[in-house]
Amino acid sequence: MCLAVPGRVLDVEDRDGTRMATVDFGGVVKEVCLEYLPDLKPGEYAIVHVGFALQRLDEESARRTLELFETLGMLQEEFGDPWEAAEATGGERPAQDGLAGEVTR
């Protein structure tokens, strides 16, 4: 399933003529294109779908939606488990607490 997920803009920058943002989705941080919302600013919330910010959202609505998605396990489904992804591809497991390589859960 591919959800439109609310996220909070952490920072904004221009990359080769494209406005990009670092966005926090309840603890998962991703890069997002701001071409559809070029005036979005750090601290604001937006609905993001497939890497594009599509619509501004108020903070309360964003928080309620993120809490609901988390309760239903939908954030895990949308963003996946980096541990499982690394194990499935035979790659190194993600760093935990700044340590690289093999880390036990």
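Which residue meets the side chain of arginine 56 in a salt bridge at 3.0 Å, N to O? Aspartate 39 does. The views below start from this pair.

This is a predicted model, in which local features need pLDDT of at least 70, side-chain atom pairs count only at pLDDT 80 or more, and totals for chains, interfaces and linings use all residues. Residues are numbered from 1 along each chain as its sequence is written, and side-chain values use heavy atoms, with hydrogens and water left out.

View A. A salt bridge here is a side-chain nitrogen of Lys or Arg within 4 Å of a carboxyl oxygen of Asp or Glu. By this rule the count comes to six salt bridges. The side chains of arginine 56 and aspartate 39 form one of them, at 3.0 Å from N to O. Arginine 56 lies in strand S5 and aspartate 39 in the loop between strand S3 (28-33) and S4, so the pair ties together parts that are 17 residues apart in sequence. Helices (H or I, at least four residues) and strands (E, at least two) are DSSP runs, numbered from the N terminus. Arginine 56 also forms a salt bridge with glutamate 44, with the closest N and O atoms 3.5 Å apart. This second pair links distant parts of the chain: arginine 56 sits in strand S5 and glutamate 44 in the loop between S3 and S4, twelve residues apart.

**View B. Cover around these charges.** Buried means under 20% relative accessible area, exposed over 50%, and partly exposed in between (1.4 Å probe, protein chains only). Arginine 56 is partly exposed, at 34%. Aspartate 39 is partly exposed too, at 45%. Glutamate 44 is partly exposed, at 25%.

**View C. A salt-bridge network.** Glu13, Arg15 and Glu31 are linked in a network of salt bridges. Within it, the side chains of glutamate 13 and arginine 15 meet at 3.0 Å, N to O. Glutamate 13 is partly exposed, with 36% relative accessibility. Arginine 15 is partly exposed, with 30%.

**View D. Strand S4 and its neighbours.** Two strands pair if DSSP finds at least two bridges between them. Strand S1 (residues 5-15) runs antiparallel to S4, joined by four bridges. S4 and S5 are also antiparallel, over five bridges. Alanine 46 is the bridge partner of glycine 7, and alanine 46 also stands opposite arginine 56 in S5. S4 is mostly covered, with four of its five residues buried.

View E. S4 and S5 form a hairpin with two residues between them. Valine 50 is in this loop, between strand S4 (45-49) and strand S5 (52-57). Its phi is positive, about 45°. Valine 50 is exposed, at 54% relative accessible area. Tyr36, Val50, Phe52 and Leu54 form a nonpolar surface patch, with about 400 Å² of accessible area together. Patches are made of residues with over 30% relative accessible area and no salt bridge: like charges are joined within 9 Å, nonpolar side chains (Val, Leu, Ile, Met, Phe, Trp, Tyr) within 5 Å. Accessible areas come from the Shrake-Rupley method with a 1.4 Å probe; for residues, only the protein chains shown count as cover.

View F. Ser61, Ala62, Leu66 and Phe69 are the buried residues of H1. They cover an arc of only 130° around the axis, which puts them on the same side of H1. The arc is that of the directions from the helix axis to the C-beta atoms. On the other side of H1, Glu67 and Thr71 are exposed.
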